[in-house]
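Here are some notes to read alongside the model, written as numbered points. Please keep the structure open while you go through them.

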Amino acid sequence: MRKLLLLALVGLGAQLVDGSLGMAYGVTSTTLLLAINTSAASASATVHLAEIGTTLVSGAAHWRFGNVDWTVVRRVGVPGALGAFAGATFLSSLSTATAAPIMSLILLTLGVYVLVRFTVSGLPRDRVGLPLRKRFLGPLGLVAGFVDATGGGGWGPVGTPAILASGRMEPRRVIGSIDTSEFLVAIAASAGFLVGIGSENINFGWVGALLLGGMIAAPIAAWLVRMVPPRVLGSAVGGVIILTNVRTLLLSDWIDASTGVRYASYLVIVAAWAAAVAWSVRQHLADRTVEPVAAGDGPGEPATATS
């Protein structure tokens with residue numbers, strides 16, 4: 001019962017972050033499941049089954065608050081579903097001993113990317129309103145979907161920064177569109193895992209706990225996306241992902257680090273993480289002083305995809 005409550009709280013917290021930042025539900029939830037010795041394929045399958053419900057509620061909430069560009073959803077979501085099914089069947093074919101460190105390495109890479117991307121660069125806004133092209137969204141969806149299924153998360157960490165980096169959509173519409181399109185990815189990945197490992201290897205109690213927490217948080221997050229500074233949140237989430245997956249890798253057969261090495265590594269990561277969050281807070285406050293327009297409320301027409 002305690003484990004189910006913990007999973008529900010993780011689902012709630014992860015969805016609050018995901019719905020307001022456009023990423024991290026999958027990587028956060030999968031990281032926890034790996035930490036309690038769940039197999040890589042089972043962890044990713046559990047998270048993606050829960051995401052069918054959370055992304056449906058989140059997408060509806062984002063649509064209600066005007067955060068969704070349906071052309072972008074279609075053009076990134078359909079190839080994303082194809083990539084997710086391929087990734088799920090690939091991960092299902094790997095042994096647990098091989099898959100766990102591989103998944104942690106993918107998650108660690110995504111965590112570093114998220115931390116550096118949001119700490120150093122923040123969010124570009126000078127190109128809002130320019131069109132997003134189909135030849136950009138299609139390959140992006142395919143790669144993000146594959147990474148999402150094999151890494152237990154990655155749709156947001158790959159898709160959201162890529163579209164944000166283009167500067168062609170308001171941040172709130174990028175986040176809303178990525179969250180909404182993830183519904184297609186979650187369905188395809190879940191189908192791939194059910195084919196690959198079967199339902200008997202999935203704990204549906206855990207699915208329900210993650211789903212419950214995520215569904216409670218989804219509408220709150222869709223509202224918060226207008227208010228929470230994504231730069232600070234991105235730095236904070238990136239640090240959590242890095243710390244947890246470094247722990248998994250150091251304990252794995254690949255490295256099998258000594259206790260001293262492990263704790264020294266944790267200390268260095270926490271120090272760097274704290275510095276990154278402090279820098280992001282400082283830069284956010286400086287940006288707010290120069291340009292006191294909240295993310296998503298700036299000028300420019302919403303971007304739409306073109307061929």
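This is a predicted model: local features need pLDDT of at least 70, side-chain atom pairs count only at pLDDT 80 or more; totals for chains, interfaces and linings use all residues.

1. The aromatic pair of tyrosine 263 and tyrosine 266 is edge-to-face, with 5.5 Å from centre to centre and 80° between the planes. Both tyrosines sit in helix α11 (residues 259–290), and because they are three residues apart there, about one helical turn separates them. Tyrosine 263 is exposed, with a relative accessible area of 54%, whereas tyrosine 266 is buried, with a relative accessible area of 15%.

2. How do helix α3 and helix α4 pack, and at what angle? Helix α3 spans residues 40–64 and helix α4 spans residues 70–92, and they meet at an angle of about 170° with their axes 11 Å apart, which means that α3 is roughly antiparallel to α4. On the α3 side the contact is made by Ala40, Ala41, Ser44 and Trp63, and on the α4 side by Trp70, Leu91 and Ser92. Sorted by class, this contact has five nonpolar residues, two polar ones and no charged ones.

3. The largest nonpolar core has 46 residues, and the members that touch the most others in it are Val72, Ile163 and Phe193. Helix α3 gives the most to this core, namely seven residues. If residues up to four places away in sequence are not counted, phenylalanine 193 touches Ala41, Ser44, Ala45, His48, Ala88, Leu91, Ser92, Ala149 and Gly198. Another core lies apart from the largest one and has ten residues, among them Leu108, Ile242, Leu250 and Ala257.

4. Helix α2 (residues 25–35) deserves a careful look, because nine of its eleven residues are buried and the helix is therefore largely enclosed by the rest of the structure. The buried residues are Tyr25, Gly26, Val27, Ser29, Thr30, Thr31, Leu32, Leu33 and Leu34. After α2 comes asparagine 37, which has a positive phi, near 65°.

5. Two single residues complete these notes. Threonine 180, in helix α8 (residues 171–196), counts as buried at 10% relative accessibility. When its neighbours within four places in sequence are left aside, threonine 180 is in contact with Gly59, His62, Val68, Trp70 and Val73. Alanine 209, in helix α9 (residues 204–224), counts as buried at 9% relative accessibility. Although alanine 209 and leucine 9 are 200 residues apart along the chain, their C-alpha atoms are separated by 8.3 Å.

Terms used
Residues are numbered from 1 along each chain as its sequence is written. Side-chain values use heavy atoms; hydrogens and water are left out. Buried means under 20% relative accessible area, exposed over 50%, partly exposed in between (1.4 Å probe, protein chains only). Helices (H or I, at least four residues) and strands (E, at least two) are DSSP runs, numbered from the N terminus. Axes are lines fitted to C-alpha atoms, for helices over the stretch in contact, and angles run from 0 to 180 degrees between N-to-C directions. Angles under 35 degrees count as roughly parallel, over 145 as roughly antiparallel, 65 to 115 as roughly perpendicular and the rest as oblique. Contact means heavy atoms within 4.5 Å. Ala, Val, Leu, Ile, Met, Phe, Trp, Tyr, Cys and Pro count as nonpolar, Asp, Glu, Lys and Arg as charged, and the others, Gly among them, as polar. A nonpolar core is a set of buried Ala, Val, Leu, Ile, Met, Phe, Trp, Tyr and Cys residues joined through side-chain atoms within 4.5 Å. Rings of Phe, Tyr and Trp (its six-membered ring) pair if their centres lie within 6.5 Å; planes under 30 degrees apart count as stacked, over 60 as edge-to-face and the rest as tilted.
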